[in-house]
Amino acid sequence: MPNRNNNRQGRIDEEFRKEISSIINYDLKEPTVTGLISVTRVKVTPDLKYAKVWVSILNSKNTEETLKGLSKSSGFIRSELAKRINLRNTPELSFVIDDSLEYGAKIDNILKDIIK
């Protein structure tokens with residue numbers, strides 16, 4: 001039966017990713033959070049106490065400030081999540097930079113240079 005639990009975990013992670021993304025882009029009024037922020041991945045612990053949120057930040061004035069702003073706003077984001085997702089616990093959120101998109105773009109540029 002471990003497979004069924006993995007499916008549930010995956011659904012929870014995906015639902016959190018959608019909702020957190022929506023909250024950040026439409027409801028968050030934190031002035032230090034600038035640029036285009038996309039939530040690339042969310043990993044919620046099986047006990048639903050903690051969630052790690054990977055974000056990709058593009059066109060930001062200051063990426064570090066934006067990340068600090070997100071961390072500062074985690075209480076607000078968490079309370080909004082609690083309203084939208086009906087679970088017994090709403091996990092504590094920690095935000096981390098996901099630089100895989102930048103890394104991919106860099107590799108892409110290197111490959112283009114090689115082809116020339």
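The secondary structure of the chain comes to four helices and three strands. Here, helices (H or I, at least four residues) and strands (E, at least two) are DSSP runs, numbered from the N terminus. Read from the N terminus, the order is α-β-β-α-α-β-α. This is a predicted model, in which local features need pLDDT of at least 70, side-chain atom pairs count only at pLDDT 80 or more, and totals for chains, interfaces and linings use all residues. Residues are numbered from 1 along each chain as its sequence is written, and side-chain values use heavy atoms, with hydrogens and water left out.

**Overall dimensions**

Taken along the principal axes, the C-alpha atoms of the chain fill a box of roughly 55 × 40 × 20 Å. The chain has 116 residues, and 34% of them count as buried. Buried means under 20% relative accessible area, exposed means over 50%, and partly exposed lies in between (1.4 Å probe, protein chains only).

Two C-alpha to C-alpha distances give a sense of the layout. Ile114 and Lys52 are 62 residues apart in sequence and 37 Å apart in space. Lys68 and Ser21 are 47 residues apart in sequence and 17 Å apart in space. Lys68 belongs to helix α2 (residues 63-72). Lys68 is exposed, at 54% relative accessible area.

**Salt bridges**

A salt bridge is counted when a side-chain nitrogen of Lys or Arg is within 4 Å of a carboxyl oxygen of Asp or Glu. By this rule the count comes to eight.

| Arg17 | Glu14 | 2.8 Å |

Take Arg84 and Asp27. Arg84 sits in helix α3 (residues 74-84) and Asp27 in helix α1, so this pair ties together parts that are 57 residues apart in sequence. Arg84 is partly exposed at 33% relative accessible area. Asp27 is partly exposed as well, at 25%.

The Arg17 and Glu14 pair stays inside one helix. These residues are three apart in helix α1 (residues 2-27), so about one helical turn separates them. Arg17 has a relative accessible area of 24% and is partly exposed. Glu14 is partly exposed at 31%.

Lys83 and Glu80 are likewise three residues apart, here in helix α3, with about one helical turn between them. Their exposure is worth a look. Lys83 counts as exposed, at 65% relative accessibility. Glu80 is buried, with a relative accessible area of 13%.

Some of these bridges join up. Glu19, Asp27, Glu80, Lys83 and Arg84 are linked in a network of salt bridges.

**The cavity**

Rolling a probe the size of a water molecule over the atoms shows where empty space is left. On a 1 Å grid over the protein atoms alone, a cavity is a set of points where a 1.4 Å probe fits but cannot get out. The structure holds one cavity of 30 Å³ or more. About 40 Å³ of space lies in the largest cavity. Such a volume is the space filled by probe spheres set on the points, which are joined across faces, edges and corners.

Lining residues have an atom within 4 Å of a point. For the largest cavity they are Ser56, Ile57, Thr63, Ile97, Asp98, Asp99, Leu101 and Glu102. The elements giving two or more residues to this lining are β2 (50-58) and α4. By class, the lining has three nonpolar, two polar and three charged residues. For these classes, Ala, Val, Leu, Ile, Met, Phe, Trp, Tyr, Cys and Pro count as nonpolar, Asp, Glu, Lys and Arg as charged, and the others, Gly among them, as polar.

**The nonpolar patch**

Tyr103, Ile107, Ile110, Leu111 and Ile114 form a nonpolar patch on the surface. Together they have about 510 Å² of accessible area, computed by the Shrake-Rupley method with a 1.4 Å probe. Patch residues have over 30% relative accessible area and no salt bridge; nonpolar side chains (Val, Leu, Ile, Met, Phe, Trp, Tyr) are joined within 5 Å, and like charges within 9 Å.

Ile110 is in helix α4 (residues 100-115). Ile110 is partly exposed, at 42% relative accessible area. Ile114 also lies in helix α4. Ile114 counts as exposed, at 63% relative accessibility.

Conventions. On a 1 Å grid over the protein atoms alone, a cavity is a set of points where a 1.4 Å probe fits but cannot get out, and a pocket is an open set with protein on both sides within 12 Å along at least five of seven lines; lining residues have an atom within 4 Å of a point.
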